[in-house]
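Here is a briefing on a predicted model.

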Amino acid sequence: MSETNQKYLLGTKENEAFLKEVREGLFQFGHRFPSPGGSSYYLGDDGTPWKDRSRETWITSRMAHVYSLGCFLGHEGSADLAAAAIRGLRGELHDTANGGWYAGLTADGGILPNKQCYAHAFVILAASSGVLAGVPGADELLKDALALYDLRFWNEEEGLSCDTWNTEFTVLDDYRGLNANMHTVEAFLAAADVTGDEKYRVRAGRIIDHVTGWASDNHWRIPEHFTKAWVPDLECNKDRPDDQFKPYGATPGHGIEWARLIAQWALSTYADDPEAAGKYIAVSENLYCRAIEDAWNADGAPGIVYTTDWNGKPVVHDRMHWTLAEAINTSAVLFHTTGKQQYADNYAEFMRYLDEKVLDHVHGSWFHQLDRNNNLIGTVWPGKSDLYHAVQATLIPFYAANLSIAPAVRGGKKC
């Protein structure tokens, strides 16, 4: 194996060095995200803030999480950047009248309507990481975020979370979705790891059991959209197949991401029961393998297609950077967990694709959206809004799979 190829192989010092270089570039790229009030500007192709765009809570939360990781890794300036984002979440993005967090603020300071489960899950993740990093105000933010989430989004009877309220928390939308629930699992696992309150890990398991049932009944392609009664709506947005948050059909990247989160939950929940953990690892493998079979190189060019129909045929052929990041993460986790060579082989393919097509070697960060021929486009994701998926993909392959990434990095818990 040549020296060049060694950097794509999981477990080599060359691969770890390659991803460390990528990670440092990502951290450097995002330095200009904070607005004066702390909320995150949307970043353009070269990291320049696009100040004419809204400053959203979910992006600000992701930046708080990313630069908390930067604190553990010694990236210069991370403490100030994480503190700025936490300040934004405790300040201008927080709704003092109605509670919770605005979806975001417009460029001129107006309020983006509605209260999103998706954004509130990321506030929990940001606060959890900020607590570990010692960011001022993170403790209070975490307490507030968990209390608000418990009050407004978590449904104890259903074992699932709702999706969207109006700004005043007086009208709940009938839509139910798994994207918000997926990031709720991530947030709940982080909260359990950081606070020691295991009820959040139990809740994550309840969500996972629902998803496992829906996926297994659907050839391991996960339904994304649901009615108020949690009946799958498989035709949702068929007329808008590339919707930014509610695309039609199956989203293979989410199947891959769910696979990793399910593995993390199982390994942490059943640390002393390999047989019970193994049943969920099998679920993770089914989800991952279905997604890769459907979506990787599905149209004759490298990359993972954004969406497929319910028979696995590509619908939106574009390649999103976050899907590759999750494929990197999950292939590594499944290799470490099962020892199966196919996952290490997949990882090497993903590394090569990252290096050759998705890394922006000129301006930094990763291209967020490529077309089916791997040419840069921005119809769904213009610019490079945040660093979360990409930074995590430089870390998760090397850290313990049973821990959320912030406590794993802080504690030096490597595989």
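A search of the whole structure finds 0 disulfides. A disulfide is a covalent bond between the sulfur atoms of two cysteines.

**Cysteines**

- The cysteine sulfur closest to that of Cys 117 belongs to Cys 162. The two sulfurs are 6.1 Å apart, which is too far for a bond, because a disulfide needs them within 2.5 Å.
- Cys 117 counts as buried, since its relative accessibility is 0%.
- Cys 71 is partly exposed, at a relative accessible area of 27%.
- Cys 71 also belongs to helix H3 and takes part in the contact of H3 with H5.

**Helix pair H3 and H5**

- Two packed helices are described by the angle between their axes and the distance between the axes.
- Helix H3 spans residues 57-73 and helix H5 spans residues 117-133. Their axes come within 8 Å and cross at roughly 20 degrees.
- H3 and H5 are therefore roughly parallel to each other, because angles under 35 degrees count as such.
- The crossing of H3 past H5 is left-handed.
- On the H3 side, the contact includes Trp 58, Arg 62, His 65 and Phe 72. On the H5 side, it includes Tyr 118, Phe 122, Gly 130 and Leu 132.
- By class, the residues of this contact are 12 nonpolar, 6 polar and 1 charged.

**Helix pair H6 and H7**

- Helix H6 covers residues 138-152. H6 packs with H7 at an angle of about 130 degrees, and the axes are 12 Å apart.
- H6 and H7 are therefore oblique to each other.
- H6 and H7 make a left-handed crossing.
- H6 brings Leu 142, Leu 146 and Tyr 149 to the contact. H7 brings Thr 184, Phe 188, Ala 191, Val 194 and Thr 195.
- The contact of H6 with H7 has 6 nonpolar and 2 polar residues, and no charged ones.

**Helix pair H7 and H9**

- Helix H7 runs over residues 178-195 and helix H9 over residues 252-269. The pair packs at an angle of about 25 degrees, with axes 11 Å apart.
- That angle makes H7 roughly parallel to H9.
- H7 passes H9 in a left-handed crossing.
- Among the H7 residues in this contact are Met 182, His 183, Glu 186, Leu 189 and Asp 193. Among those of H9 are His 254, Glu 257, Trp 258 and Trp 265.
- The contact of H7 with H9 divides into 7 nonpolar, 5 polar and 3 charged residues.

**Two positions in helix H10**

- Helix H10 spans residues 274-295 and holds Ile 281.
- Ile 281 counts as buried, at 7% relative accessibility.
- Setting aside neighbours within four places in sequence, Ile 281 is in contact with Ala 263, Leu 267, Thr 337 and Thr 338.
- Ile 281 and Trp 265 are 16 residues apart in sequence, and their C-alpha atoms are 9.8 Å apart.
- Ser 284 is buried, with a relative accessible area of 0%.
- Residues up to four places away in sequence aside, Ser 284 touches Ala 259, Ile 262, Ala 263 and Leu 334.
- Ser 284 and Ala 266 are 18 residues apart along the chain, with 9.8 Å between their C-alpha atoms.

- Phe 169 is not a glycine, yet has a positive phi of about 60 degrees.
- Phe 169 lies in the loop between strand S9 (164-165) and strand S10 (176-177). Phe 169 is buried, with a relative accessible area of 5%.
- Asn 297 is not a glycine either, and has a positive phi of about 55 degrees.
- The loop that holds Asn 297 runs between H10 and strand S12 (305-308). Asn 297 is partly exposed, with a relative accessible area of 36%.

**A buried loop serine**

- Ser 40 sits in the loop between helix H2 (13-29) and strand S1 (42-43).
- Ser 40 counts as buried, at 1% relative accessibility, because buried means under 20% relative accessible area.
- Neighbours within four places in sequence aside, Ser 40 is in contact with Phe 33, Arg 55, Glu 56, Ile 59, Thr 60 and Met 63.

Methods. Residues numbered from 1 in each chain as written. Predicted model: local features only at pLDDT ≥ 70, side-chain atom pairs only at ≥ 80, totals over all residues. Heavy atoms only, no water. Axes fitted to C-alpha atoms, helices over the stretch in contact; angles between N-to-C directions. Helix = DSSP H or I, 4+ residues; strand = E, 2+ residues; numbered from the N terminus. Parallel < 35°, antiparallel > 145°, perpendicular 65-115°, else oblique. Left-handed = near helix turned anticlockwise from the far one by under 90°. Contact = heavy atoms within 4.5 Å. Nonpolar A, V, L, I, M, F, W, Y, C, P; charged D, E, K, R; others polar. Buried < 20%, exposed > 50% of the residue type's maximum accessible area, 1.4 Å probe, protein only.
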